[in-house]
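Good morning, and thank you for coming.

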Amino acid sequence: GEVVAIIGPSGCGKSTFLRSLNLLEEPTGGKILFEGTDITDSKVDINRHRQKIGMVFQQFNLLDSKTVFHNIALPLILEKAPKDVIEKKVNEVLRFVELEDKKDTYVSQLSGGQKQRLCIARALLKHPKILILDDSTSAVDTATEKYIRNVLYGKYSDMTKIIIAQRITSVMEADEILVMDNGCVKGFGTHEELLKTCPLYKEIFDIQISKEV
């Protein structure tokens with residue numbers, strides 16, 4: 001149920017690290033433990049594991065020629081879930097991101113902010129155990145940022161959230177913050193702890209906050 005944030009310079013390995021959590025990137029060594037099981041073990045059903053993880057990418061990865069409803073419902077359609085179950089679950093997440101009126105709209109007709117909210121709805125559809133947001137807060141409108149913050153710190157409190165962010169203001173409230181540089185962990189802790197113990201975090205904070213001021 002915690003919010004874990006990852007921050008660091010561009011190219012430091014944040015996205016690669018996140019993609020390793022469901023083996024979209026295969027690690028060259030070590031273990032990835034999920035509920036006590038090493039998912040790099042060849043005996044693990046990786047597809048079943050991936051169903052427990054929701055992802056919101058920087059790129060939308062949506063089907064432009066399909067409707068909003070179809071884009072969200074697709075995983076359940078492929079599982080051949082009953083129509084009434086699909087309808088109920090899709091409508092529920094559409095209400096959360098306030099896109100009910102766009103249900104039958106084609107994705108190509110949506111704004112960038114609406115597409116990001118659609119991605120959030122799609123990721124929440126099956127109420128995953130882990131929700132990963134890959135730099136999803138870097139260039140969103142204020143309405144979309146509201147839904148992202150509600151996912152992180154509001155309604156879905158039982159879900160573990162892992163977020164990559166470029167803006168330090170997006171991670172300051174996280175339960176734990178992981179600071180990365182050149183593929184290595186340079187610091188780990190809360191915002192207040194890292195300001196005192198991690199020079200790189202303090203440098204990022206000073207640069208970004210001074211720009212905003």
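The buried residues of helix α3 pack against helices α4 and α5. Please keep in mind that what you see is a predicted model.

Let us begin with α3 itself. Helix α3 covers residues 68-78. Which of its residues are buried? They are Val 68, Phe 69, Asn 71, Ile 72, Ala 73 and Leu 76. Just after α3 comes Lys 80, which takes a positive phi of about 60 degrees.

Consider α4 first. Helix α4 is made of residues 83-96, and it packs with α3 at an angle of about 130 degrees, their axes lying 10 Å apart. On the side of α3, the contact is made by Val 68, Phe 69, Ile 72, Ala 73, Leu 76 and Ile 77. On the side of α4, the partners are Ile 86, Glu 87, Lys 89, Val 90, Val 93 and Leu 94. Sorted by class, the residues of the contact of α3 with α4 comprise ten nonpolar, no polar and two charged.

Now to α5. Helix α5 runs over residues 112-124, and it packs with α3 at an angle of about 30 degrees, with the axes 8 Å apart. Angles under 35 degrees count as roughly parallel, so α3 and α5 are roughly parallel to each other. Here too we find a right-handed crossing, as α3 passes α5. Val 68, Asn 71 and Ile 72 of α3 meet Leu 118, Ala 121 and Arg 122 of α5. The residues of this contact of α3 with α5 divide into four nonpolar, one polar and one charged.

Finally, let us step back to the chain as a whole. Its secondary structure comes to eight helices and eight strands. The radius of gyration is 18 Å, close to the 17 Å that the globule rule gives for 213 residues, so the chain is as compact as a globular protein of that length. Along the principal axes, the C-alpha trace spans about 55 × 50 × 30 Å. Of the 213 residues, 45% count as buried. Among contacts between residues at least 6 apart in sequence, 67% join residues at least 24 apart.

Methods. Residues numbered from 1 in each chain as written. Predicted model: local features only at pLDDT ≥ 70, side-chain atom pairs only at ≥ 80, totals over all residues. Heavy atoms only, no water. Axes fitted to C-alpha atoms, helices over the stretch in contact; angles between N-to-C directions. Helix = DSSP H or I, 4+ residues; strand = E, 2+ residues; numbered from the N terminus. Parallel < 35°, antiparallel > 145°, perpendicular 65-115°, else oblique. Left-handed = near helix turned anticlockwise from the far one by under 90°. Contact = heavy atoms within 4.5 Å. Nonpolar A, V, L, I, M, F, W, Y, C, P; charged D, E, K, R; others polar. Rg over C-alpha atoms; globule rule 2.2 N^0.38 Å. Buried < 20%, exposed > 50% of the residue type's maximum accessible area, 1.4 Å probe, protein only.
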